[in-house]
Amino acid sequence: MRRHGILAPLAGLCMLLASCAGNVDPDDGGIGGSAGLPGGGSQETVSSVFVQKMIAMQFTSAGCVNCPDLAEALKSVQGSRPGSIIPVAFHMDYEIDDPMSLPVCSQFYERVSHNESTTVSLPMFALNFRRSSQRIVSEAPKMLSEMDLQAKEHPVCSGVAIQTAYDEVSRELAVTARFISEVSQVCRYHILLVEDGIEYVQMGSETTDYVHNNVLRYVASDDMRGARLNSGKPLTVGQEYEVTKKIVLDESWNHDSMRVVAVLLTADDAEGQTFGCNNANECAAGESADYVYKDEK
């Protein structure tokens, strides 16, 4: 049963979940273990109505011989737990100049890497914009254990929905992301564009027509912690917050193969210096994705 635009009970809580449009946040920019509560403290434990989706960060390069192993491991995780992760491939220059690399990918790598030296070591897996509890290269069992650990330490307490519209003439993609929090907390967000189906050489692969998927093309914030939601003030429980971005797609990007990923981030420390993904959602460019409720899965 969908709960869209109506009041609905939050399981196990003495509160109501209300969808209230019109809270557009003006604070965003653009470039091509518990969630913290105001004043410190840890996140309340709630029986969330939402399904949790995690961001699987695939740090990779076309010049990395072992990177195809990470891609295969991610496919294994997706097969064993359908709908639980959203893979995003952060390409970096490694041995060769990777045409899919972005400067922001190196910044995210530095933020979540276990590597204490300045030398980049690929492949590497991270989850939810956090440094993992263990260094993970391409081992699916370790990925699954990290997912279980983060689900326990950072339980889902929010929902994410997306609406998009694409203008073929101007190549402008309008993205509206909507967020609901089930506890009062300061939140940030990321809006990402990823592209599938890119054929390009891959070191370590025997095939000459290797296909790169989940390639990060755009991050709609110049802050690694994400853009501020609700002007940095705590979100009101059950109230919907909305942000809109308009992005002109590069001529080299294939609109039909692009997806939009919206991420709600919550603070991992009382000072609000680090933020991690609490929930996320995705849809094809030009399409939409509603909130995902547990009783609908």
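In what order do the four strands of the open sheet lie, and is the pairing parallel or antiparallel? The order is 13-7-6-16, with antiparallel pairing. Keep in mind as you browse that this is a predicted model.

At the edges of this sheet sit strand 13 (240-248) and strand 16 (288-289), each of which pairs on one side only. Strand 6 and strand 7 are joined in the antiparallel sense by ten bridges.

| Element | Residues |
|---|---|
| Helix 1 | 67-80 |
| Strand 3 | 54-60 |
| Strand 4 | 85-91 |
| Strand 5 | 124-127 |
| Helix 3 | 140-153 |

Helix 1 has 14 residues and spans 21 Å from its first C-alpha to its last, close to the expected 20 Å. Its buried residues are Cys67, Pro68, Leu70, Ala71, Ala73, Leu74 and Val77. These buried residues pack against strand 3, strand 4, strand 5 and helix 3.

Helix 1 also leads us to the largest pocket, where it gives the largest share of the lining, eight residues. Strand 3, strand 4 and strand 10 (211-212) each supply at least two lining residues as well. The volume of this pocket is about 340 Å³. Of its 18 lining residues, Ala71, Lys75, Tyr210, Val211 and Asn213 are the closest to the centre. By type, the lining divides into seven nonpolar, eight polar and three charged residues.

Note on methods. Residues are numbered from 1 along each chain as its sequence is written. This is a predicted model: local features need pLDDT of at least 70, side-chain atom pairs count only at pLDDT 80 or more; totals for chains, interfaces and linings use all residues. Side-chain values use heavy atoms; hydrogens and water are left out. Two strands pair if DSSP finds at least two bridges between them. The expected span of a helix is 1.5 Å times one less than its number of residues. Buried means under 20% relative accessible area, exposed over 50%, partly exposed in between (1.4 Å probe, protein chains only). Contact means heavy atoms within 4.5 Å. On a 1 Å grid over the protein atoms alone, a cavity is a set of points where a 1.4 Å probe fits but cannot get out, and a pocket is an open set with protein on both sides within 12 Å along at least five of seven lines; lining residues have an atom within 4 Å of a point. Grid points are joined across faces, edges and corners, and a volume is the space filled by probe spheres set on the points. Ala, Val, Leu, Ile, Met, Phe, Trp, Tyr, Cys and Pro count as nonpolar, Asp, Glu, Lys and Arg as charged, and the others, Gly among them, as polar.
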